Amino acid sequence: MEKLSFVGKSITRVDAEEKVTGSAIYGYDLVLPDMLYGKVLFSTRPHAIIKRIDTEKARRLPGVHAVVTGKDAPWTHGETIKDMPFLAQGKVRFVGEPVAAVAAVDEDTAQAAVALIEVEYEDCPAYFSPEEACNPGAVLIHEDYDSYRKSDIIVPGPLPNILEHFKLRTGNVEAGFRESDLVLEQRYVVPAIGHAALEPHSAHAQVDPESGKVTVWVANDAPFRVLHETAEALGLPKEKIRFINPYQGGGFGSKGAMKVETIAIALAYQTNGRPVRVKFNRAETFVSTITRHEAIVYIKSGVKRDGTLVARQVRIYWGAGAYAEKSPTVCIKGSHPSPGPYRIPHVQVDGYAVYTNKPLAGAFRGYGVPQTAWACEQHMDELAQRLGMDALDFRLKNVFVDGDLSYWGERLQSVGLKETLLKATEAIGWGKKTGQSNPPKGIRIGKGFACIAKPTRTPTTSTAAVKIDSRGDVMILAGTVEIGQGCTTILSQIAAEELQVPIDKVRMHSLDTDLIPFDASTTSSRSTYHMGNAVKRAAVKARDQITEMAASLFDTSKENLELSNGKVRVKDRREPALSFGEVICQKLGSDGVVAGDGAYTFEMGKDVDPQTGHSEHASAFYMYATQAAEVAVDEETGRVRLIRMVAAHDVGKAINPLNCVAQIEGGLAMGIGAALHEELVIDDHGRVKNPSFLDYHLVTSLDLPKMETIIVECPDPNGPYGAKGLGEPGLAPTPAAIGNAVANALGTRIYELPLSPERVYWAIQTSKKNPSPSVSAEPVVSNPTSFR
Amino acid sequence: MKRPEPFEIFQPASIQEARELHIHHGPGGYFLAGGTDLAIAIKEKGLVPRYVVDLKRIGSLSGIRENADGSLVLGALATMREVEISRVISRRFPFLSQSAGEVGSIQIRNRATIGGNIANATPSADVVPALLVLEAQVTTSTQNGEKQVPLESFFLGPGKTVMERGDILTEIIIPPASANLRGEYIKFSPREMMDLAYVGVAVALLTDGDENVCREVRIALGAVSPVPMRARKAEAVLVNRVINEESAERAGEAAASECTPISDVRASAAYRRHMVRVNTKRAILNAVCGRPGNLPWVARRERRY
Ligand SMILES: Cc1cc2nc3c(=O)[nH]c(=O)nc-3n(C[C@H](O)[C@H](O)[C@H](O)COP(=O)(O)OP(=O)(O)OC[C@H]3O[C@@H](n4cnc5c(N)ncnc54)[C@H](O)[C@@H]3O)c2cc1C
């Protein structure tokens, strides 16, 4: 490969100064002229029919401009199942569901008006566990499910309240189990957790009374998709809707699809053109936006005595909460790789997304993979242990390598998984004695690791334009949202590379759907790859125009030109170089502009078929990673302390190595929180008991161990400069790596997250009472919980 | 979060003036020190004060001083950070410095006062167990003049103290103590920082000779009863006995049996009881090891093992 000037360098983030000085404007900061303030009345019941809503008193309160209920907003939305009303329609399905909203001259007045709204409910039976909700005979949470508008990926389930059933069938698992020397089945549980982005949710909306145009200012990670959804819900043509995206203060998946947007829009229809702001506070953000799916995962595996995986059957109950939101696609994308990155001839997966009367679950960094990795990777360790095999040898024997045919029917290429496994385990000193040779009494030291493969949503499209003006300044127009991940920097590096201009000559325009070309979404770790390719193509087109003009000015052919530092010159000629600005001025005049456009779609890609789980090109690329942990477990208290974490990630090509390290370390911190502390606790009335940072415990910097990141570069043939993606995998194997280390330390395994001191304490007590069954290679079916 | 209703705020310059303001304006008034509890009560817990009397202009409520007899006087407005880094406290009672150093974060400790921690009367208040084992007294300024009460009888229940409306906590007095007194405070919580104690255990003791025979011992528990409490049964287990793993374990068991923890979203009562047992044992053993000086962070973290 040619020598690169900007790509592969850890240049400082281009948005750093704006952000550390506080001048960057986030969605939550926005103030619009003449705006009104919205507040929401939330349901206090988990499942109830609304008998009556009385808004009279609220309407009469001075300063109130609008009061809306489901009647005033007769619209529904949803990514693939249109089941979610803008405001509750006749029924509420979780505690925290928006029932009514008020717009007033200030927040206090709006809040006072909300308190004056009276609602009468009639309770229905409620379900707080996905397994219970789909028991035969369970009451339906969505009676009208059959008549909802749905996309064609939706496969209804065989039991009540299942909104999506994903199936993967390869070989014959029953035959596979019969062939196996050892069969093991286990159940794993992952609770719902919160995204806990620094910036809570907010949206501003305005409806122009004359043209009917709806404008929404919101830090949404997929403005074009949400525009489409809004148009569809409101029955408006797309040009009647505009989304403007300020900076996003983190999202981790929580800020796609419509959240506060619906309420702001419903209110804005009633305020005669005045914009309305709706801001959620932290508790409302925890309860009434979105959570990560709780998941109950059953895995049954059959292996040969020599460690060859023969068959694997996985059954997953994804707790979707009260509305479908992105559950169908989480169910598909999360269930598909759930058997793990291994060669297995017989595979069967059944993923069920199930309605419950809990807060909604949706996209969360990792899109289901963190939950199934918790199950699969602990399961792998337990299998190895029962086989009497080393956990690393066992994986190396089965793990995907270049050229493998995966169980979903795809021939894999550019698989850096093995390298991540070898490097991470080497760095943690797998198989070697621990660094802590003499731990204090009662402290058990253990090591563990886990690996994953994470696909990206496929096929998707990104488009971009790159514009150069007569000062030689470069502007990127691209629909990737700066959610804190550093896309502005990465895309600027790519444009700078192709154009050979200094990085401070490159800027990226803020996002406005009226102006910026289409992008699918800033999700699924897809931007560097897809938008990177689109920007690269656009930059090349712009460059071609510069070199064409320069060639005529220099009276030579394009091939003889060379670019550097924003200038173009003729190779091996003494003639002075011309800056891009000079080229444009001389050829097009001082108002001249050069622009190139570019688009990228992974054309042959096709998402797995939800009926078979198969696709020959299920993902544009796969992200491979192995993480390893060394832990100290306090036997007397159950407290798990991390001594060290290692994370080896195959990124294809690190466009900005420091940014990669930051993504991985941020992911680790999030994964450590999920491993040790985080859980949204919901009581048996459906109320979230810990919707604040007092009792919802993220890790602090003091809780983080020494973190070592290892960047593996196994280039992708289609990625820009070989790059893959990296946004999501940072947290995916973390809990399983820690879980394996804890099991290694204690000699007993814990199947449920989080590994809170109390849970670990009781597990230690239980294991003292009944030491774990002796390890044997006889066929064992432990925990033979009914496989329906 | 709720925007507070508008209220009046006063900034008196003397204790006398502060009390008079309170009496004059009647019910619904609150004293304000660092505000790290009060502001949250107003914004998040629906407290609606009619007015607030800010104590921070009253100079006589600040400062930490050592009297000739060896007693220490801590002004109610002394901040947690001041208690944490005070030379005299970290030399004489390092575990008290440490208990203050366990509160929130540095930013919080720069505002939070020791008086506020006590007056607020939450069962998990971090400095209280350490002060209980030092047999601290608190002085309050009341309608009937100054009063001194042992800290142990100051608390009546969660959020309730012997203070009546308009009373001001003015200072905390730590009586003279033997130079050989050794102590420890363990805050047990899942996170390293920014967490409330699931269990807090303070121990102060005096031993004889190399044998570690316990002459005097005081043990106090936080977060496991309606008010921070002395664990007298646990103390009785140790007096006149050699302190070792075994006796410390038995003292821990006694402490676990005499506390009355609750189950909540943070932990179950049963688990808390076990943590009282384990951490009481550890606090006792740590105390006899004696750890002079204010330990740096890392050492403090390691010590919780
Ligand atoms: C993020 C955060 C973390 C925290 N972490 C901890 C922790 O780890 N451990 C812990 O123990 N606490 C913690 N706290 C609670 C709080 O910081 C402490 O209790 C603090 O010491 C309170 O002191 P203050 O000066 O801020 O009190 P204020 O909020 O000013 O007052 C608290 C109460 O006491 C009354 N009051 C205050 N001073 C007097 C006085 N002199 N006379 C009479 N009444 C008075 C006030 O009227 C009020 O009712 C935390 C708080 C926050 C916000």
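Which residues of helix 1 (residues 15-25) of chain B are buried? The close-ups below start there. This is a predicted model, in which local features need pLDDT of at least 70, side-chain atom pairs count only at pLDDT 80 or more, and totals for chains, interfaces and linings use all residues. Residues are numbered from 1 along each chain as its sequence is written, chains are lettered from A and ligands numbered from 1 in the order in which they are written, and side-chain values use heavy atoms, with hydrogens and water left out.

**View 1. The buried face of helix 1 of chain B.** Tucked away here are B:Ile15, B:Ala18, B:Arg19, B:Leu21 and B:His22. Buried means under 20% relative accessible area, exposed over 50%, and partly exposed in between (1.4 Å probe, protein chains only). Seen down the helix axis, these buried residues fall within an arc of 155°, so they line one face of helix 1; the arc is that of the directions from the axis to the C-beta atoms. They pack against strand 1 (8-10), strand 2 (29-32), strand 3 (51-54), strand 6 (137-142) and strand 10 (168-174) of chain B. Helices (H or I, at least four residues) and strands (E, at least two) are DSSP runs, numbered from the N terminus. After the helix comes B:Gly26, with a positive phi near 75°.

**View 2. A:Thr637 and its contacts in chains A and B.** This threonine sits in the loop between strand 29 (622-634) and strand 30 (640-650) of chain A. A:Thr637 counts as buried because its relative accessibility is 1%. A polar atom of its side chain lies 3.2 Å from the backbone nitrogen of A:Arg639. Leaving aside neighbours within four places in sequence, A:Thr637 is in contact (heavy atoms within 4.5 Å) with A:Pro757 and A:Tyr761, plus B:Phe188, B:Tyr271, B:Met275, B:Val278 and B:Arg282.

**View 3. Helix 11 (residues 391-398) against helix 12 (residues 417-428) of chain A.** Their axes come within 10 Å and cross at roughly 170°. That makes the two helices roughly antiparallel, a label for angles over 145 degrees. Axes are lines fitted to C-alpha atoms over the stretch in contact, and angles run from 0 to 180 degrees between N-to-C directions. Helix 11 brings A:Leu392, A:Arg395 and A:Leu396, while helix 12 brings A:Lys418, A:Leu421, A:Leu422 and A:Thr425.

**View 4. A:Asn744 in helix 17 (residues 734-746) of chain A.** With 44% relative accessibility, A:Asn744 is partly exposed. Not counting residues up to four places away in sequence, A:Asn744 touches A:Gly446 and A:Lys447.

Notes:
Polar contact = N/O pair within 3.5 Å; in protein donor to acceptor, adjacent residues only side chain to side chain. Parallel < 35°, antiparallel > 145°, perpendicular 65-115°, else oblique.
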